[in-house]
Amino acid sequence: MKKILLTIAVCFCALTVSAQGWGLGARVGSGFQAQAEYTFNSENYVEGRFGMSWCNGGAALMADFTALYQWNVCKMQWTPSAGEWFFDAGVGVGVGGREHYAYVGAAGCAKLGIKFNKAPVKLSLDWTPVVGPQIAYWKGASAAAFHEYGLANLGISAVYCF
């Protein structure tokens, strides 16, 4: 089922990248996610991430999906010959899980990065904490607790902007 969802997400992204305002990339850190962005104007954009995370109590990988609405808070001219630095902040939702385990929660995002002048690429470092419950379930029983590993959601992303 996870492979089918990933295939559908990749096909959807590939079919829609011909439109202006789209960006595709990858994020590595507390997991590995494919990342898609759609920019509404020069300031705000929607970001979706789908992939795997190893930021959990066990040693197993689990599916991870995050959807965020991002605002450009400020732009900085630290290295004008290389590109424009930016700080973005956003809110959204994060869900994930594996067999007998799931989590869901509100997600926030703080992102610092650079958009290069000579290439349509953005590199950024972000912290995306997911605050909510984690639920373990097995043979008719369940247990819930605060998803403490959601606070350790750090990553570096590279996005190609169309």
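1. Helices (H or I, at least four residues) and strands (E, at least two) are taken here as DSSP runs, numbered from the N terminus. On that basis the protein has 1 helix and 11 strands, and their order along the sequence is α-β-β-β-β-β-β-β-β-β-β-β.

2. This is a predicted model, in which local features need pLDDT of at least 70 and side-chain atom pairs count only at pLDDT 80 or more, while totals for chains, interfaces and linings use all residues. Residues are numbered from 1 along each chain as its sequence is written, and side-chain values use heavy atoms, with hydrogens and water left out.

3. On confidence, pLDDT is the predictor's own score for each residue, from 0 to 100; the mean for the protein is 87, and 86% of its residues reach 70 or more. The lowest confidence falls in helix α1 (residues 2–16), with a mean of 56, whereas strand β7 (residues 121–127) has the highest, at 96. Where pLDDT is low, the predicted coordinates should not be read in detail.

4. For burial, the cut-offs are under 20% relative accessible area for buried, over 50% for exposed, and partly exposed in between (1.4 Å probe, protein chains only). Of the 162 residues in the protein, 36% are buried. Taking contact to mean heavy atoms within 4.5 Å, 49% of the contacts between residues at least 6 apart in sequence join residues at least 24 apart.

5. Glutamine 33, in strand β2 (residues 31–39), counts as buried because its relative accessibility is 1%. Its side chain joins that of aspartate 64 through a polar contact of 3.3 Å, the term standing for a pair of N or O atoms within 3.5 Å where, within protein, one must be able to donate a hydrogen and the other to accept it, and where residues adjacent in sequence count only if both atoms are side-chain atoms. Leaving aside neighbours within four places in sequence, the contacts of glutamine 33 include Arg27, Arg49, Phe50 and Asp64.

6. A polar contact of 3.3 Å runs from its side chain to the side chain of histidine 147. Beyond the neighbours within four places in sequence, glutamine 134 is in contact with residues including Tyr101, Tyr103, Phe146 and His147.

7. How many aromatic pairs does a search of the whole structure find? There are 7, where rings of Phe, Tyr and Trp (its six-membered ring) pair if their centres lie within 6.5 Å, and planes under 30 degrees apart count as stacked, over 60 as edge-to-face and the rest as tilted. Phenylalanine 50 and phenylalanine 65 form a tilted pair, 6.4 Å centre to centre with 55° between the planes. Because phenylalanine 50 lies in strand β3 (residues 44–53) and phenylalanine 65 in strand β4 (residues 62–76), this pair ties together parts that are 15 residues apart in sequence. Tyrosine 160 and phenylalanine 162 form an edge-to-face pair, at 5.1 Å and 80°. Ring pairs also link Trp22, Tyr38, Phe40, Tyr69 and Trp71 into a cluster.

8. On cysteines, the structure holds 0 disulfides, a disulfide being a pair of cysteine sulfur atoms within 2.5 Å. Cysteine 109 is buried, with a relative accessible area of 7%, and cysteine 161 is buried at 16%.
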